[in-house]
Amino acid sequence: MSITPRTVRLLMPVAAALFLALALLIRVVDDGALRQYSGTALYASMVWAGVLFLWPRMAPVPTGAIAIVFCWLVECGQLTGVPAELSARSLVARLALGVQFDPVDLAWYPIGVVPLVVLHRLLRARIRAVPEPRSTAVGRPKALSGDDTPSAHS
């Protein structure tokens, strides 16, 4: 069994949409710390899905590392004030870039990515452990003798 890059590219937008739906659901039912920190972790999960969408053959640990570093760069970019200015004009910028730096978020990004890296590694190991089904050659004549080599008189 194998998963093709095309399959990964089809699954990652679905995964990102599920992470977003979960984040929005939590926003509806909670107004406290769970809302903020789960949103931060699920944002990182969406970034992980984006990295795999762009590079579907990437190994789990580099995928997770790129996602976490990207999130950290976006968070640290908030120290410049540019994301806050853009967020004041655009809801999309607010959701993608945030508004203000929060050092606690730096710890929550790995919380959203590390479980996915573990799952990715487990799935990859399981897929590699399942032997590919043996295919039979189409159109190949069957050997009449006890061995698999065709005889000279065929």
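Student: Is Leu-22 buried, partly exposed or exposed?
Tutor: Leu-22 is partly exposed, because its relative accessible area is 40%; buried means under 20%, exposed over 50%, and partly exposed in between, with a 1.4 Å probe and protein chains only. Keep in mind that this is a predicted model, where local features need pLDDT of at least 70, side-chain atom pairs count only at pLDDT 80 or more, and totals for chains, interfaces and linings use all residues. Residues are numbered from 1 along each chain as its sequence is written, and side-chain values use heavy atoms, with hydrogens and water left out.
Student: Where does Leu-22 lie?
Tutor: In helix α1, residues 5-29; helices are DSSP runs of H or I with at least four residues, numbered from the N terminus.
Student: And Leu-20, what does that count as?
Tutor: Leu-20 is in helix α1 too, and it counts as partly exposed because its relative accessibility is 40%. Its C-alpha atom is separated by 7.1 Å from that of Leu-42, 22 residues apart along the chain.
Student: Switching to α2: what span should its 22 residues have?
Tutor: Helix α2 (residues 33-54) should span 32 Å at 1.5 Å a residue, and its end C-alpha atoms are 32 Å apart, so the two agree. The expected span is 1.5 Å times one less than the number of residues.
Student: What do the buried residues of α2 pack against?
Tutor: They pack against α1, α3 (60-77), α5 (91-97) and α6 (103-129), with contact meaning heavy atoms within 4.5 Å. Among those buried residues are Leu-42, Tyr-43 and Trp-48.
Student: Last one: which residues does Glu-75 touch?
Tutor: Not counting residues up to four places away in sequence, Glu-75 touches Gln-100, Phe-101, Asp-102, Asp-105, Leu-106 and Tyr-109. Glu-75 is in helix α3.

Conventions:
Helix = DSSP H or I, 4+ residues; strand = E, 2+ residues; numbered from the N terminus.
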